Amino acid sequence: MIEVKDLHKTFGAVKAVDGVSFAARDGQITGLLGPNGAGKTTTLRMLYTLMAPERGQVLVDGVDAAADPLAVRRRLGVLPDARGLYKRLTARENIDYFGRLQGLPEDELRARREALVAALEMADIADRRAEGFSQGQRVKTAIARALVHDPRNVILDEPTNGLDVMATRALRQFMLHLKAEGRCVLFSSHIMQEVGALCDRIVVIARGRVVADDTPDALRAQTGQANLEDAFVRLIGSEEGLAA
Amino acid sequence: MNAATQPLRRARGFLTVFLKEVRENLRDRRTLTSAFLTGPLLTPLLFVMLVNISINQQLDKADKPLAVPLIGAQYAPNLVDALKAGGIVPQPAVADPEEAVRRQDADLVLRIAPGYAKAWRKGEPVQVEVIYDSSQRGADTPVERVTKLLETYSRQQGAMRLVARGLSPAVAVPVQVAKRDQATAQSRAVLMFNMLPYLFVLTIFIGGMYLAIDLTAGERERQSLEPLFANPVPRWKIFLGKLAAICAFSAASLVICLLAFGVIGGFVPTEKLGMEIDLGPGFALRVLLLQLPMIVLLAALQSMVAAFAKSYREAQTYLSFLMMLPLLPSIMLMMLPFKPQGWMYAVPLLGQHLGILDLVRGNGLSPQSLAMCLGGTALAALLAAGATVQLYRSERLAISA
């Protein structure tokens, strides 16, 4: 369960995030939808305590991120916008590194790592060095290392960016799998199709503010548009930064 | 999911980061070559080569017969005999002595005036010209040697003339200069070994440089810093793990360098110059002890500079400037020779410089100087590490472009 209350963040004169509030519940997929530059990544960065908000509060499973950032990071699995791997380490070694930083005992780490290698179907690349991985292989490895500590909450920043059709389909299946396990899944996207197909709840962000927060059906009803894309355009008030 | 056990987990953040960085960089050929091969071995080799060349040059010029073109040799057969006795091998006259010297066909040319014999018989002063070009390297020693021979010949002849006139030769020498050099064999070696402290610092610097860049600027450029910071390990622990990895590499680099000096030092023909120099295990251990806080200080400074840089390339540029910094004490001591004061040992770089020279000089290092050197540099290292931790805390650091 991730709760965000009235977050504010400015960079110089730019109000990147200007009073964002929403909640992402367990056993649901919550989509953070918005055009490029709407403040999605900055909001997520404040969630996983990379940045501190100027105002507002982040609660993860009831733990205040400002008061105990380490406890919050233990409860989160994060696939950030930046997802660089260590190229001179194998996929397994990359996963192990993060597992140890999470403080997993070695036996638990081994079990979790192998379960993820199987679930993400990456056994063929697990002992190869990350140098020369395809975009899809990189994302798989990055997701595995983000989830190695079995977090209840999962944050994915534009996870399908740069993936081909097959990899995107596999990733969506995996997200549904995470939801079925009862986890709280929060992901950002500017791709309508993806959000419409996956989300139980959509939070639409534009210019640093939440302009809508509801189920896909409710959003369609609210805007009077049958098509989610049209609903989205209506909500943000322009067609900037859209991708089908 | 095992949320209940989560608070019990304790991340061994420091050790995990340290081991991973060491392992990863042991797989990088460029880092390995520069930290364990070229960095630590190049300097001792270069040093021994330079010292050998300079020693042999001096010895060669002093002992070897010296070929000197003579113009007008026929006017002064006695003088020529005296020169021959001094190891000069007269060569036939050259047409244009000035040009020959400038073109380095000869280090110097001797010209005896045609009026030499006539003037000599009258007891008048005669002129012998030594034509040379002081801007040419290697001319100094032969010119000095020939000039000395000529002066000696002149003094001898002058003394004989005085005796022939019934006077004591001592009359013409009211002041006698007696040089008494207080330099011991080892203190003479110091001049030559002045660059040694810089070479050690340079080795430490090169040994850790690639790591320092890779672990901060490189990690950010490869976009792996942001996911790393999403782990439940405080940033200062991550930084300390990285710092330790840099220190491990630069310390290993210095150890290899010292071993190489120990082996190669035996090939420096110091005994030819009457010098004694000991680069053995005792020396190596003391240098290592002296440099320990310097290893940490340099690693912290390198990380700081690399953290400021926006990219790998930018960090490389900044660090090559920083590499000049350790040259300062060596240059300063060369340009303005001052007497080492006690407090100077507490100044990082300067302290190590003076301390290593003390060791080379064979005086040994007093416990007080050693303590000041270690303490002063350790304090600086602490400050630099603290400042870099602050830099690591900034939000800007984690964000890749």
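**Two chains, one helix pair**

Visitor: At what angle do helix H11 and helix H15 of chain B pack?
Guide: This is a predicted model. In chain B, helix H11 (residues 281-308) packs against helix H15 (residues 367-393) at an angle of about 25 degrees, and their axes are 8 Å apart.

Visitor: What do I call that, roughly parallel or roughly antiparallel?
Guide: H11(B) is roughly parallel to H15(B), because angles under 35 degrees count as roughly parallel.

Visitor: Is the crossing left-handed or right-handed?
Guide: H11(B) and H15(B) make a left-handed crossing.

Visitor: Which residues meet there?
Guide: From H11(B), they include Leu290(B), Pro293(B), Met294(B), Leu297(B) and Ser303(B). On the H15(B) side, among them are Cys373(B), Leu374(B), Thr377(B), Thr388(B) and Tyr392(B).

Visitor: And by class, how many are nonpolar, polar or charged?
Guide: The contact of H11(B) with H15(B) has 19 nonpolar residues, three polar ones and no charged ones.

Visitor: OK, zooming out. What secondary structure does chain B have?
Guide: Chain B has 16 helices and four strands. H11(B) and H15(B), the pair above, pack against each other within that chain.

Visitor: How much of chain B is buried?
Guide: Of its 401 residues, 36% count as buried.

Visitor: Switching to chain A. How many helices and strands?
Guide: Chain A has nine helices and ten strands. Its radius of gyration is 18 Å, close to the 18 Å that the globule rule gives for 244 residues, so chain A is as compact as a globular protein of that length.

Visitor: What does the C-alpha trace of chain A span?
Guide: Along the principal axes of chain A, the span is about 50 × 40 × 35 Å.

Visitor: And what share of chain A is buried?
Guide: Buried residues are 50% of the 244 in chain A. As for contacts in chain A with a separation of 6 or more, 69% are between residues 24 or more positions apart.

Visitor: Last topic: how many residues are in contact between chain A and chain B?
Guide: 25 residues of chain A are in contact with 26 residues of chain B.

Visitor: Which elements of chain A give two or more residues to that?
Guide: Helix H2 (69-75) and helix H3 (91-101) of chain A do. H3(A) gives the largest share of the side that touches chain B, four residues.

Visitor: How does that side divide by class?
Guide: The side of chain A that touches chain B has 15 nonpolar, three polar and seven charged residues.

Note on methods
Residues are numbered from 1 along each chain as its sequence is written. Chains are lettered from A and ligands numbered from 1 in the order in which they are written. This is a predicted model: local features need pLDDT of at least 70, side-chain atom pairs count only at pLDDT 80 or more; totals for chains, interfaces and linings use all residues. Axes are lines fitted to C-alpha atoms, for helices over the stretch in contact, and angles run from 0 to 180 degrees between N-to-C directions. Angles under 35 degrees count as roughly parallel, over 145 as roughly antiparallel, 65 to 115 as roughly perpendicular and the rest as oblique. A crossing is left-handed if the near helix is turned anticlockwise from the far one by less than a right angle, and right-handed if clockwise. Two residues are in contact if their C-beta atoms, placed from the backbone, lie within 7 Å. Ala, Val, Leu, Ile, Met, Phe, Trp, Tyr, Cys and Pro count as nonpolar, Asp, Glu, Lys and Arg as charged, and the others, Gly among them, as polar. The radius of gyration is taken over C-alpha atoms; the globule rule is 2.2 Å times the number of residues to the power 0.38. A residue is buried if 20 or more other C-beta atoms lie within 10 Å of its own, exposed if 12 or fewer, and partly exposed in between; C-beta atoms are placed from the backbone.
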